[in-house]
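Reader: Hi! I'm new to this one, could you walk me through it?
Author: Happy to, let's look at it together.
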Amino acid sequence: MDWNGDGHLDALLGGFGGDVMLFLGKVGGGFKAGSHLLFEDGKPFVHLIEQGKGKEPKEDAGAMIWCADWDQDGDLDLLSGWFYGGIFLNRNVGSKTEPKLSSKFEAVKAGDGHTTWGYQVQPCMVDWDGDGREDLIYSSQAMAKSGQGSVSWCQNVSASGDPKFAKPEVLVWSGLSTQVIAPELGLERVLGGCLAAVPTDWDGDGDLDLIISDTVRLLQPRAGLNPEELKRLKEISAEMKCGQAYVSVSDRERRELNRELRMEQKELTEAKLGEAGSTNATRGRLWLLRRQAKLQMPTEQDPISLGLRSKDLGGGRHALTVQVQILDGWHAYRDVPKDSSYAPLKLQLQLPAGFTFAGDWTRPSARPDPNDSDITLLEGGFTLERIVVADATAKLPVTIACEASYQVCDELICKQPTKKRLEATVGR
């Protein structure tokens, strides 16, 4: 992110003690020497949150941070997660090019305001559901000194101004739970730590995936184990996976598309195994959870499914993609003679002000009709794409509509020609 608005990427690094280091970017790449991030009064940022009446602030509260334009005023504010449960906001009371961070910690709330955030909370903000508003995604552990972690999504339901978040919905549970493994053999517990998730379009398909990191630390075995117990403990340690991530698929329907996450079969990094018996035996790896926009399955009553989505290509260019899935045994039409009674698949985009076309729709593959060489048939699944360009007058985010007209047939019957309205949000 560009913290001071000078056009160069900067880096902010939160520390275990609750401090944050700022590394300003240099011309041509790289970073300058780090310095403490300061409050507006010149004092170093320290993440010390009051524990309540009669309790001292925690000095090891950590600072798991994320920069976002919280109040939509053009500069970056700072979100920070807390080891002991909670997400806090420090507003930028300066400007985009001269940031000044307020020393007031505002507690972030979701749902009815009584959200239990968990422990070691790592927040980030991103438009997860494609409605043009930045939502809150956070990872956390479910209970103190437990590895049971999760990644959750809070939808931003605010129409304007400061975000307003719905109650959390779990996207992913991470199988780093506290495990009691044969206590008589000395390995009493496995602790998870530093679960963190970063949304990114990993595969460039226009939707957001999750990269999740986790670690597991083996506690020191008890003293006095006999050789057989030590051997068995070593076998368990060697066999035990350092972390597992699996998917909790939401039944929430989002913008006519059911979205799901699936775990990549291979981790992004190899596990680094620690030696059994070491108090600092830490192993960790990165997981990729690939998000897919999945169409509702076509049925005999409606043998074709269609969905529209957008992808920002940069420079004002956006790719609009229509996904099509036709039920086995059915077909639509790509080419028909002018005097044909069949209705071919056609797409008509309704562009808002400030948008222009850059080319036509891509042409999908089709097979010739065995009974008429002038007709080509569309079958199975395919996509059609068209590029549009937004100029400086375009107001973003904006919803773009597409009317799809078509006819589907099988060997015995043809459905009546049909029209469907598809929509996609083109964001910033």
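Author: Below we go from the overall make-up to a few selected places.

Reader: Great! Before that, what kind of model is this?
Author: This is a predicted model.

Reader: How much of the protein is buried?
Author: Of its 428 residues, 42% are buried. The accessible surface is about 22500 Å², and carbon and sulfur atoms hold 50% of that.

Reader: Nice. Which residues have the most contacts inside the largest nonpolar core?
Author: Those are L306, V322, V324, I326, L345, L347 and F355, in a core of 30 residues. Strands 17 (304–314), 18 (317–326), 20 (346–350), 24 (381–390), 25 (398–406) and 26 (418–426) each give two or more residues to this core.

Reader: Which strand gives the largest share?
Author: Strand 25, with five residues.

Reader: And what does V322 touch?
Author: Leaving out residues up to four places away in sequence, V322 touches L306, G307, L308, L347, W361, F382, T383, L384 and L422. Apart from that core there is another one of 14 residues, including W70, W117, V121 and F165.

Reader: Switching topic: is strand 8 enclosed or open, and why?
Author: Strand 8 (residues 119–126) is largely enclosed by the rest of the structure, because six of its eight residues are buried.

Reader: How many bridges join strand 8 to strand 9?
Author: Six, and strand 9 (residues 135–141) runs antiparallel to strand 8. In one of these pairings, V126 has D135 of strand 9 as its bridge partner.

Reader: Last one: where is A159, and is it buried or exposed?
Author: A159 sits in the loop between strand 10 (149–154) and strand 11 (169–174). A159 is exposed, because its relative accessible area is 78%, and the cut-off for exposed is over 50%. Its C-alpha atom is 8.5 Å from that of R133, 26 residues away along the chain.

Key. Residues are numbered from 1 along each chain as its sequence is written. This is a predicted model: local features need pLDDT of at least 70, side-chain atom pairs count only at pLDDT 80 or more; totals for chains, interfaces and linings use all residues. Side-chain values use heavy atoms; hydrogens and water are left out. Helices (H or I, at least four residues) and strands (E, at least two) are DSSP runs, numbered from the N terminus. Buried means under 20% relative accessible area, exposed over 50%, partly exposed in between (1.4 Å probe, protein chains only). Accessible areas come from the Shrake-Rupley method with a 1.4 Å probe; for residues, only the protein chains shown count as cover. Two strands pair if DSSP finds at least two bridges between them. A nonpolar core is a set of buried Ala, Val, Leu, Ile, Met, Phe, Trp, Tyr and Cys residues joined through side-chain atoms within 4.5 Å. Contact means heavy atoms within 4.5 Å.
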